[in-house]
Amino acid sequence: MPWAAPGGLEAARMDETPQPRPPERHEFTPRDYFQRLQRGEILRDGRPLEVDLGCGDGRFLLGMAAHYPERDFLGVERLLGRVRKVCKKACKQGLENLRVLRLESRYTAEWLLPLASVSRLHLLCPDPWPKVRHHRRRLIQQEFLQAVWDVLEPGGEFLFKTDHNEYFEWAVEKVAAFGNFEQLDWPEDAFFYPKTDFQLQWESQGKVLQGLRLKKGER
Ligand SMILES: C[S@@+](CC[C@H](N)C(=O)[O-])C[C@H]1O[C@@H](n2cnc3c(N)ncnc32)[C@H](O)[C@@H]1O
């Protein structure tokens, strides 16, 4: 006798309907992906917000959130596996000041983050897209710098690190052309700044990272 689903074929089909993925407890899901977030949606009242674009496996983000319980942290990452990993670690560590958004970084900066709301925005070891024909995929472009400037609060900072010399030079040029950031010194001991997973990997291969610390200047 052929297999028959209880309730008939229709019920069986309905059972196969893909269900929405339940979010992790530390996952941040915007109510509306087509409107800028309101400050209160991600920020606890009056607390500084730091954003880590492309947070990867979250070593830096988790370290920062543990070190600065009085600040809020939002990691942005497009890979689901990495989002889940970071959320699970945040849960295990009992961190209440960290959320992870599964979304594209540029979209998040350009369209989602509230204007003048971010105290520090971190872009650490982003994909360098070394081939010339792929340079347009690099995050650091004029539109992106404008978006970062717009979401930073007055005096807010954009921090960038890369192991890739040519991408670093590219970033320096783009920032100079943009013209609205003030470059600050960034000695290694300036403040607590945990190394990222990729930084550790590159440094173990003898690579040296370069960084830019840029402050939102007044126009
Ligand atoms: C080279 S890894 C660096 C990860 C982390 N920042 C670190 O230093 O260990 C780049 C990360 O950014 C994510 N990523 C790359 N492009 C992205 C984009 N456009 N939007 C969101 N995430 C992105 C990748 O999935 C990856 O996890």
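I take a polar contact to be a pair of N or O atoms within 3.5 Å; within protein, one of the two must be able to donate a hydrogen and the other to accept it, and residues adjacent in sequence count only if both atoms are side-chain atoms.

The model I am reading is predicted, so I note that local features need pLDDT of at least 70 and side-chain atom pairs pLDDT 80 or more, while totals for chains, interfaces and linings use all residues. Residues are numbered from 1 along each chain as its sequence is written, and side-chain values use heavy atoms, with hydrogens and water left out.

An oxygen atom of the ligand lies 2.6 Å from a polar side-chain atom of Glu 77, and for Arg 82 I noted a side-chain N or O atom 2.6 Å from an oxygen atom of the ligand. Taken alone the ligand exposes 590 Å², of which the protein buries 91% (accessible areas by the Shrake-Rupley method with a 1.4 Å probe).

**Entry: the largest pocket**

I then asked where the ligand sits, and the place is the largest pocket (more than half of its atoms lie within 2 Å of the grid points). A pocket here is an open set of points on a 1 Å grid over the protein atoms alone, where a 1.4 Å probe fits, with protein on both sides within 12 Å along at least five of seven lines; lining residues have an atom within 4 Å of a point.

About 690 Å³ of space lies in this largest pocket, the volume being the space filled by probe spheres set on the points. Of its 34 lining residues, the closest to the centre are Gly 54, Glu 77, Arg 78, Pro 126 and Asp 127. The largest share of the lining, three residues, comes from α8 (a DSSP run of H or I, at least four residues, numbered from the N terminus).

Methods: Helices (H or I, at least four residues) and strands (E, at least two) are DSSP runs, numbered from the N terminus.
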